[in-house]
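Keep the structure open as you read.

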Amino acid sequence: MKPSQAVDNLIEISGLRFSRGSRVIFDGLELAIPRGSITAIMGPSGCGKTTLLRMLTGQLRPDEGSVRVAGQEVNRLSRPDLYALRRQMGMLFQNSALLTDFNVFENVAFPVRENTSLPERLLRNVVLTKLQSVGLRGAAGLMPSELSGGMARRVAMARAMVLDPELLLYDEPFSGLDPISLGVVLRLIRLNNDALGLTSVVVSHDVAEISQIADHCLVLSEGRVIASGRPDELADSDSELVRQFMTGAADGPVPFHYPAPDYRQQLLGSS
Amino acid sequence: MALFRQLWNSQLAALRKLGAVVLFLGEILAQCPAAFTRPRLISAQIHNAGVLSLVIIMTSAFFVGMVIGLQGYDSLARLRQEDILGAGVALTLIKELGPVVTALLFAGRAGTALASEIGLMRATDQLAALEVMAIDPIRRIVAPRFVGGAISVPLLTAVFNAIGILGAWFIGVYIMGVDGGAFWSQMQEYVDPEDIGEGVSKSIVFGIAASLIAVYEGYNCAPTAEGVGMATTRTVVTTSIVVLILDYMITAFLI
């Protein structure tokens, strides 16, 4: 790899192959994610978007190929080195994954308590600052069961940011949110990325929403990147599959009907 | 032939699972020193697994003690040997029933709670979130629960034995009229330190086994509601069978 590439791209994946049983998830996947950008990863259900995030965090190991984050080959790191790398990452899970026994404050404080020996007073200030940034300082004493879906997502975002990571990964951050919560989360992703100088990777199905904030989009299908570029470029793509995905058309290369025998024959013919 | 193959496959699967459990125990033991540096985490688990099990343990122990007292009195009375009721009850409880029944009750009360708690954390991505936060779930979640459970079982067994003996005393001495002095003195006479050692050894082994099975099943359950339910069921079933097998093995070894 050229040194200039290592500086520009925070994430570089090359020749990635990964299968679950006989099902091939990635078949020679190549992609690069530039530092400081918001990159949207899109694609049909089951194309491996969440799997890709788990590769980036080292929770899954590829069968072949290389996954490099901040210049380090994730799948070759020792456990302590992998944990050191993870301290530079934050991840927002689809279901928020808040610790249900702790209140909002303790959830956000948790990574700091476990990974640092920050004095309590300083820790309190850090946590309240992060909660203020997501608009939930007043909810510090609430339990996760008392939060709405949108609030839980914002608490999880504060927790993901609390160690001031270099990379933030979002797994379906908009799923199940009402329009107001969705707008808030969308704005926070952009604001946090710019204010904290992060690199954000957002896995999402919500093409219209993510297109508003993404600098760069990647569309995955059948184990490869089939299109990449700015959201407006993808909308005008030559690929029918990409256009269908970007416009949400019901029929196209991904057919509406599951393969079946001829309709007339099946209705009129003998069983 | 098909039946033989099915049997062979199930044996192979059981052996594979045993290997996985042993490796899991190795991982936990490697993290135990770190867990001991945070005694509050362990004491919280001793509270959850031990203190909160006290009611069921004490109630069961009292009734088990009363039953042994009653049956023992009935049998010994036929031989006109009621005076050794205390010794018989104590030996039965300390060497056998105390450790076994405590472990079975622990599996039903605390083991299921441990398995479902960890399983639910798996199903709701809390364990995955810990990993991404650079926090080892084995160190932070599993090891303290394992240690807390393993410490709780011998302590609960001691409570079970004491309450069980009181139950037998209540029936034997207070209700059936066995001489109280004979009840306690015969117990002192016939219960040796080796007998207590056997019971303690069993309770330690059962505590380790019951806690290990609970945390293993919870940690490795399928991340679904059904998966958590099945893990909870497997915890009780596996612990019950393993405790009874281990009980026989330890008894055969020590006698």
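Buried area is the accessible area, taken with a 1.4 Å probe, that two parts lose on being put together, summed over both. This is a predicted model. Between chain B and chain A, the buried area is about 1700 Å². Carbon and sulfur atoms give 53% of that area. In chain B, the residues that lose the most area to chain A are B:Val132, B:Met133 and B:Ala134. Together they make up 34% of what that side buries.

Now count residues. The contact involves 19 residues of chain B and 22 residues of chain A. Eight residue pairs are in polar contact across the interface of chain B and chain A. On the chain B side, the elements giving two or more residues are α4 (85–123), α5 (126–132) and α6 (137–175). α5(B) gives the most, with six residues. By class, this side of chain B has ten nonpolar, two polar and seven charged residues.

Charge also crosses the interface of chain B and chain A, in four salt bridges. One salt bridge joins B:Arg140 and A:Glu114, at 2.8 Å from N to O.

Over all chains, the whole structure holds 24 salt bridges. Among them, A:Arg35 pairs with A:Glu166, with the closest N and O atoms 2.5 Å apart. A:Arg35 lies in the loop between β2 (23–34) and β3 (38–42) of chain A, and A:Glu166 in the loop between α6 (149–161) and β7 (167–171) of chain A, so the pair ties together parts 131 residues apart in sequence. A:Arg35 is partly exposed, at 38% relative accessibility. A:Glu166 is partly exposed too, at 27%.

Conventions: Residues numbered from 1 in each chain as written. Chains lettered and ligands numbered in written order. Predicted model: local features only at pLDDT ≥ 70, side-chain atom pairs only at ≥ 80, totals over all residues. Heavy atoms only, no water. Contact = heavy atoms within 4.5 Å. Salt bridge = Lys/Arg side-chain N within 4 Å of Asp/Glu carboxyl O. Polar contact = N/O pair within 3.5 Å; in protein donor to acceptor, adjacent residues only side chain to side chain. Helix = DSSP H or I, 4+ residues; strand = E, 2+ residues; numbered from the N terminus. Nonpolar A, V, L, I, M, F, W, Y, C, P; charged D, E, K, R; others polar. Buried < 20%, exposed > 50% of the residue type's maximum accessible area, 1.4 Å probe, protein only.
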